[in-house]
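Welcome! Here is a short tour of a protein model, written for someone meeting it for the first time.

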Amino acid sequence: MNALFSAGSDPGGHGLTAALYELGLLVSDLGRSVDFYERAFGYRFAPDGEAMLGVGPRRRLRLVPSPDGRLGPSHVGFAVTDESQLDTLGERLAVAGVAHRAIDRVGYRPGALAFADPDGNAMIFGLADAADIAPGPDALPGHLQHAVFSSTEIEAMLSFYRDVVGFGLSDAVVNDEGLLTTFFAHCSQEHHSLAVFRAGQNRFDHHCYEAGDWGLIRDWGDRFASLHIPIKWGPGRHGPGNNLFLFIHDPDDYWLEISAELELLEPGRTVGVWPHAERTLNSWGIAYLRK
């Protein structure tokens with residue numbers, strides 16, 4: 001068994017309490033992406049420098065024109081619960097020798113921390129400084145809930161996010177040789193706010209909105225159907241997290257997930273270890289195993 005984890009072990013981490021707060025995405029056509037996210041997700045956009053900042057009920061999305069055609073996240077932003085969380089994170093980054101800096105960013109109080117993970121993904125952790133907006137009549141519930149990467153160095157990513165940033169480990173997926181292929185990490189009661197798959201290249205995998213219950217999965221599906229946005233995967237049920245899901249693509253083929261009934265972690269819950277198999281990713285049917 002991989003030395004980084006074992007079934008039933010302490011999930012590790014340093015008690016980080018935070019939530020996924022906003023996501024920045026590099027896009028190939030800013031106007032097209034703004035139109036899509038306004039219609040499909042009810043975001044309200046306003047200029048933010050060269051980018052467009054979208055806000056919705058418990059969700060924030062910054063769309064950034066790609067200068068060179070490269071796609072992926074411009075940043076992934078988490079909101080911590082208090083100043084002490086931010087101070088402690090800064091101390092852990094310093095001890096680990098991770099370059100970081102304080103930044104001023106719209107939507108955060110001054111002093112948010114910016115740094116990069118081992119794969120170079122830009123991360124922001126700070127105190128939220130923006131009131132949630134009331135949902136419009138056509139904005140379905142679904143808070144921005146988790147972000148997922150694929151990585152060639154998954155063990156380094158687990159060590160970084162658990163031992164430096166402070167996430168706890170919820171579940172791990174291993175192959176027949178006991179090699180780690182996926183990990184799910186939490187920073188709140190929700191089963192995971194971050195996950196990483198082993199793959200042949202480093203890339204952004206998807207981001208997810210938690211709708212809350214199965215009936216809202218139906219409503220989101222009907223909304224996408226009314227806009228002629230096809231469901232690409234699902235509905236189904238994941239093993240780790242036990243959540244119901246469906247996936248669509250945005251105009252740049254980013255994967256977007258709508259989830260419901262994600263597991264809420266109970267005190268004393270220990271790490272689960274799952275086999276690398278289709279049934280782990282979707283107990284209802286087919287699954288996409290990352291390569």
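Which strand supplies the largest share of the lining of the largest pocket? Strand 1 does, with four residues.

## About the model

This is a predicted model, in which local features need pLDDT of at least 70 and side-chain atom pairs count only at pLDDT 80 or more, while totals for chains, interfaces and linings use all residues. Residues are numbered from 1 along each chain as its sequence is written, and side-chain values use heavy atoms, with hydrogens and water left out.

## The largest pocket

The lining of this pocket has 20 residues, and L20, Y21, R58, R59 and D132 lie nearest its centre. Strand 1 (18–27), strand 3, strand 4 (59–65) and strand 9 (143–151) each give at least two residues to the lining. Strands here are DSSP E runs of at least two residues and helices are H or I runs of at least four, numbered from the N terminus.

## A residue in strand 3

Strand 3 covers residues 51–56 and includes V55. V55 counts as partly exposed because its relative accessibility is 22% (buried means under 20%, exposed over 50%, partly exposed in between, with a 1.4 Å probe and protein chains only). The C-alpha atoms of V55 and Y108 are separated by 14 Å, and the two residues are 53 apart along the chain.

## Where two helices meet

E38, R39, A40 and F41 in helix 1 meet W220, R223 and F224 in helix 4, where contact means heavy atoms within 4.5 Å.

How values were computed: 1 Å grid on protein atoms, 1.4 Å probe; cavity = no way out; pocket = protein on both sides within 12 Å on 5 of 7 lines; lining within 4 Å.
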